[in-house]
Amino acid sequence: TSWLQAPVLSIAPRLRQYGSTRRRGGKPTTIIDRSVQKRHLAMIAQEEARQLAIARRRLAMEEPMLLSDLHVLDPVEFNLFFDLLTRALAGKRKFNDTIETSSTDGTMEIKLEPVPDADWIEVQTTMGTLTARQHRIFVRDIFPVVTAEGAGVEEPA
């Protein structure tokens, strides 16, 4: 068969340059088994997802409430709430504006409504104290997390 009529054949640059695809000298590269590290990372990711699901469930509200009436927030709840709160505050142009926005991942919504003649309040968290003007807030979980059994996520005892 003529070279012009034969099917195209791809040749690796290393084979073309050196005449071999193997490295010269020394033993072949060893393959590192990372299955233990992958299992460890999967366990960490699963635990983080569980904690986030609990935080989402605890932050979701049945009806609007005052910012000062929030329960003490643990670090995961605080980070989730702080994401919602900062996104809402960033959308405000004036103090009297009511704003509705969603979390960064789009799974939760917050409605932030100012209280007329509001005082400054303090919200206690396990990470410190959040000081802000009083607002009426409503947090809604758009996609409630449910386990395979449909019973919801269990809170730690």
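Visitor: Which residues is aspartate 83 in contact with, leaving aside its neighbours within four places in sequence?
Guide: Contact here means heavy atoms within 4.5 Å. With the neighbours within four places in sequence left aside, aspartate 83 is in contact with Ser103 and Thr104.

Visitor: What kind of model is this, and how are its residues numbered?
Guide: This is a predicted model, in which local features need pLDDT of at least 70 and side-chain atom pairs count only at pLDDT 80 or more, while totals for chains, interfaces and linings use all residues. Side-chain values use heavy atoms, without hydrogens and water, and residues are numbered along each chain as its sequence is written, from 1.

Visitor: Which side chain of opposite charge is nearest to aspartate 83?
Guide: Aspartate 83 lies in helix 3, residues 75–90, where helices are DSSP runs of H or I with at least four residues and strands are runs of E with at least two, both numbered from the N terminus. Lys and Arg count as positive and Asp and Glu as negative, with His and the chain ends not counted, and a salt bridge requires a side-chain nitrogen of Lys or Arg within 4 Å of a carboxyl oxygen of Asp or Glu. Aspartate 83 has no salt bridge, and at 4.8 Å the nearest side chain of opposite charge is arginine 87.

Visitor: Which strands stand at the edges of the sheet?
Guide: Two strands pair if DSSP finds at least two bridges between them, and the open sheet of 4 strands has the order 1-6-3-2, with antiparallel pairing. Each edge strand has a single partner strand, so one side of each is left without a neighbour in the sheet; these are strand 1 (65–66) and strand 2.

Visitor: Which strands of the sheet does helix 3 touch?
Guide: Helix 3 packs on the sheet, and its direction makes about 55° with that of strand 3, taking axes as lines fitted to C-alpha atoms, for helices over the stretch in contact, with angles from 0 to 180 degrees between N-to-C directions. The strands touched by helix 3 are strand 2, strand 3 and strand 6.

Visitor: Which residues form the covered face of strand 3?
Guide: In a regular strand the side chains alternate between the two faces of the sheet. In strand 3 (residues 108–114), Glu109, Lys111 and Glu113 make up the uncovered face, and the covered face holds Met108, Ile110, Leu112 and Pro114.

Visitor: Which residue of strand 6 is the bridge partner of lysine 111?
Guide: Strand 3 and strand 6 (residues 135–141) pair in the antiparallel sense over 7 bridges. Within this pairing, methionine 108 has aspartate 141 as its partner, and the bridge partner of lysine 111 is phenylalanine 138.

Conventions
Buried means under 20% relative accessible area, exposed over 50%, partly exposed in between (1.4 Å probe, protein chains only).
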